[in-house]
Amino acid sequence: MAHDEKLLETDHVTVRPLELKDVSQMSHWGRHEDLRYLPYNFPYTKPIDWLLWLRSKKRPFQKYIYGAFVGERLVGYITLKQINWFKREAFMGVAFDPALLSRGYGTAAIKSYLEQVTERFRMKRIFLKTACFNIRGQRCYEKAGFTFVERRFEPYEDQSQSFELLLKYGDFQMVENEIWTEYIYMVFETGLE
């Protein structure tokens, strides 16, 4: 494994559309231990689940998914979703192997992804939202060219562990019967008219 880690540090990141043959690698990714990031752990180990997961992320004209690779190793994925073809705007989603964070792969992959998406889909703006507690993600997005738009207090995307999150972290509040947190919205302006 040490040889593999060294190889990863010296190779560059490439981005291309994600294929089913790539998804199996995600079942070997590391795991987030922090409760706030558990929704980003890849839970599937069976080929049928990989196929269903990929189909949920990939729908022509609605959703597209790209893999970030170091050599042949899948280190993350980036989605294009909530596409507004009339305004030429969309949202981006990001997930990377928890065992390979803080190595610059995210920034390199997002920059490459933005170039490809701008060229292929002619989008004017790409938006994203990230939880305020995701400081590492925010730094990565800023390095890739995203700028702050606004903060919003909204329901948290994973309501399954409300009690534990409330007890352990000050980032969450109960609003009626839902757990809420603050999100930051960011935008990448492609420069296209």
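## Aromatic pairs

Phe42 is buried, at a relative accessible area of 9% (buried is under 20%, exposed over 50% and partly exposed in between, for a 1.4 Å probe and protein chains only). Tyr44 counts as partly exposed, with 32% relative accessibility. The two residues form an edge-to-face aromatic pair, with 5.4 Å from centre to centre and 80° between the planes. Rings of Phe, Tyr and Trp (its six-membered ring) pair if their centres lie within 6.5 Å; planes under 30 degrees apart are stacked, over 60 edge-to-face and the rest tilted. Phe42 and Tyr44 also belong to one aromatic cluster with Trp29, Trp53 and Tyr77.

Phe153 and Trp180 form a tilted pair, 5.4 Å centre to centre with 45° between the planes. This pair links distant parts of the chain, 27 residues apart: Phe153 lies in strand E6 (residues 147-155) and Trp180 in strand E8. Phe153 is partly exposed, at 36%. The structure holds 16 aromatic pairs.

## Basis of the model

The model is predicted: local features need pLDDT of at least 70 and side-chain atom pairs count only at pLDDT 80 or more, while totals for chains, interfaces and linings use all residues. Residues are numbered from 1 along each chain as its sequence is written, and side-chain values use heavy atoms, leaving out hydrogens and water.

## Charges over rings

The charged end of Arg16 sits over the ring of Phe69, 4.0 Å from its centre; the criterion is NZ of Lys or CZ of Arg within 6 Å of the ring centre and within 35 degrees of the ring normal. The charged end of Lys129 sits over the ring of Tyr183, at 4.3 Å from the ring centre.

Helices (H or I, at least four residues) and strands (E, at least two) are DSSP runs numbered from the N terminus. The buried residues of helix H5 (residues 135-143) are Gly137, Gln138, Cys140 and Tyr141. They cover an arc of only 160° around the axis, which puts them on the same side of H5; the arc is that of the directions from the helix axis to the C-beta atoms. These residues pack against strand E4 (89-96), helix H4 (105-121), strand E5 (125-131) and strand E8 (178-189), where contact means heavy atoms within 4.5 Å.

H4 is followed by Arg122, with a positive phi near 60°, and H5 by Gly145, with a positive phi near 110°.

## Cysteines

The structure holds zero disulfides (pairs of cysteine sulfur atoms within 2.5 Å). The sulfur of Cys132 is 17 Å from the closest cysteine sulfur, in Cys140, too far for a bond. Cys132 is buried, at 15%, and Cys140 counts as buried at 15%.
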